[in-house]
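Keep it brisk, and cover the ligand site, the helix packing and selected residues.

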Amino acid sequence: MQTNAALKEMRTDKILRKEKLLFPAGGRKQWESIEEENQAYWTKRADSYAQTIRAELSDDHVAMWGDVLREEMAGLTQKTGRLTVLEAGTGPGFLSILLAQMGHSVTGIDYTQEMLNKAKENAALAGADVRFLKMNTEALDFADEIFDLVVSRNLTWNLPHPDRAYAEWMRVLKPGGKLLVFDANYYNFLYDEEARKGYDRDREKTAQAGEDDIYLCTDTAAMEAIARQVPLSAIRRPQWDLELLRGLGAKASVDENIWRRVWDRNEQINQASVPMFMVRAEKAGNE
Ligand SMILES: C[S@@+](CC[C@H](N)C(=O)[O-])C[C@H]1O[C@@H](n2cnc3c(N)ncnc32)[C@H](O)[C@@H]1O
């Protein structure tokens, strides 16, 4: 049963949302849906994001991510050799390009056309053969059980219906296939006082270390407005992910130390209070 306080909060939230639509702060544009707002945000971010990804494709990130992916895929590659892979929310294409360079057959999807344009440019520069498609990962346009591996990085926190995305990923995986989700509690600071202190501390330490602040090339007001509308900002993870996946019948586990292996010094200082985790899930096989 909902408590009075919870009901009041829900009503207040409704009023605030309505007010935001009627009286947008600073003349912000109106959006028909969270999807439209999100796509507009990523369209604007595509150029600077693509530059970061281009740097990642030519520095230590290739070896760091390559080692983790090879390790996680070992069981599948021993059985199958070349894998059929889906990357959800590929952005400018980092994981898709890496996996294609390892010889796998990769499809990268994103629902922001400008991100896909950048991904195609990056793949061409890297000489990687990837199929990029425009698609919403919460409603995939694929048949059941066609991928050996589904991966996503820095996507799930951004989804209005992450439960639908997880269900879709498990649907398109072959029996015995594997899901790898890399993410973090990025916007939990909007809801939790301790997390807010952590976020502020990260900003201070990043400045003290003379490192570039990742958040400076972000329209923080626009990003936070989106993060307030999606459910995972307010939820402790990866516990939520594990419970959901187990509810879908998958064998799920987590590596909460993966950030040590895939983040460089700049990322580790910028995001010390929100370390990246990796959720892995295996779909039951046909034994
Ligand atoms: C933070 S970026 C991450 C990009 C990439 N995965 C990476 O790690 O470099 C999030 C990306 O997810 C995409 N995205 C967000 N919601 C999506 C959805 N429902 N379906 C497909 N793509 C989505 C955005 O367009 C954006 O390109």
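## Ligand shell and helix packing

Helix α2 contributes the most residues to the shell around the ligand, giving 3. This is a predicted model, in which local features need pLDDT of at least 70 and side-chain atom pairs count only at pLDDT 80 or more, while totals for chains, interfaces and linings use all residues. Residues are numbered from 1 along each chain as its sequence is written. Helices (H or I, at least four residues) and strands (E, at least two) are DSSP runs, numbered from the N terminus.

**The ligand.** The shell holds 20 residues, and W42, G89, G91, T112 and R153 come nearest to the ligand. Two elements, α2 (34-56) and β2 (105-110), each give two or more residues to this shell. A residue is near a molecule if its C-beta atom, placed from the backbone, lies within 6 Å of it. By class, the shell has 8 nonpolar, 9 polar and 3 charged residues. Ala, Val, Leu, Ile, Met, Phe, Trp, Tyr, Cys and Pro count as nonpolar; Asp, Glu, Lys and Arg count as charged; the others, Gly among them, are polar.

**The fold as a whole.** The protein has 11 helices and 7 strands. Of its 287 residues, 34% are buried. Buried means that 20 or more other C-beta atoms lie within 10 Å of the residue's own; exposed means 12 or fewer, and partly exposed is in between, with C-beta atoms placed from the backbone. Among contacts between residues at least 6 apart in sequence, 74% join residues at least 24 apart. A contact needs C-beta atoms, placed from the backbone, within 7 Å.

**Helix pairs.** Two packed helices are described by the angle between their axes and the distance between the axes. Axes are lines fitted to C-alpha atoms, for helices over the stretch in contact, and angles run from 0 to 180 degrees between N-to-C directions.

| Helix pair | Angle | Axis distance |
|---|---|---|
| α2 and α8 (220-227) | about 150° | 10 Å |
| α4 (94-101) and α5 (113-126) | about 30° | 10 Å |

Angles under 35 degrees count as roughly parallel, over 145 as roughly antiparallel, 65 to 115 as roughly perpendicular and the rest as oblique. With axes at about 150°, α2 is roughly antiparallel to α8. The crossing of α2 over α8 is left-handed. A crossing is left-handed if the near helix is turned anticlockwise from the far one by less than a right angle, and right-handed if clockwise. From α2, E37, N38 and Y41 make the contact; from α8, A222, M223 and I226 do. This contact of α2 with α8 has 4 nonpolar, 1 polar and 1 charged residues.

The other pair packs at about 30°, and α4 is roughly parallel to α5. Here α4 passes α5 in a right-handed crossing. S96, I97 and Q101 of α4 meet A119, N122, A123 and A126 of α5. The contact of α4 with α5 divides into 4 nonpolar, 3 polar and no charged residues.

G177 sits in strand β5 (residues 173-183). Why does G177 count as buried? Because 27 other C-beta atoms lie within 10 Å of G177. G177 and L76 are 101 residues apart along the chain, yet their C-alpha atoms are separated by 7.6 Å. Not counting residues up to four places away in sequence, G177 touches F147, D148, L149 and K283.

A195 belongs to helix α7 (residues 193-208). It has 19 C-beta neighbours inside 10 Å, so A195 counts as partly exposed. A195 and V274 are 79 residues apart in sequence, with 8.4 Å from C-alpha to C-alpha. Leaving aside neighbours within four places in sequence, A195 is in contact with N185, N188, F189 and S273.

**Backbone details.** The peptide bond from R237 to P238 is cis, with omega near 10°. P238 lies in the loop between α8 and α9 (239-247).

E145 is a residue other than glycine with a positive phi, near 55°. E145 lies in the loop between β3 (130-134) and β4 (147-153). With 14 C-beta neighbours inside 10 Å, E145 is partly exposed.

Phi of N154 is also positive, near 55°, in a residue other than glycine. N154 is in the loop between β4 and α6 (162-172). N154 has 15 other C-beta atoms within 10 Å and is therefore partly exposed.

Notes. Contact = placed C-beta atoms within 7 Å.
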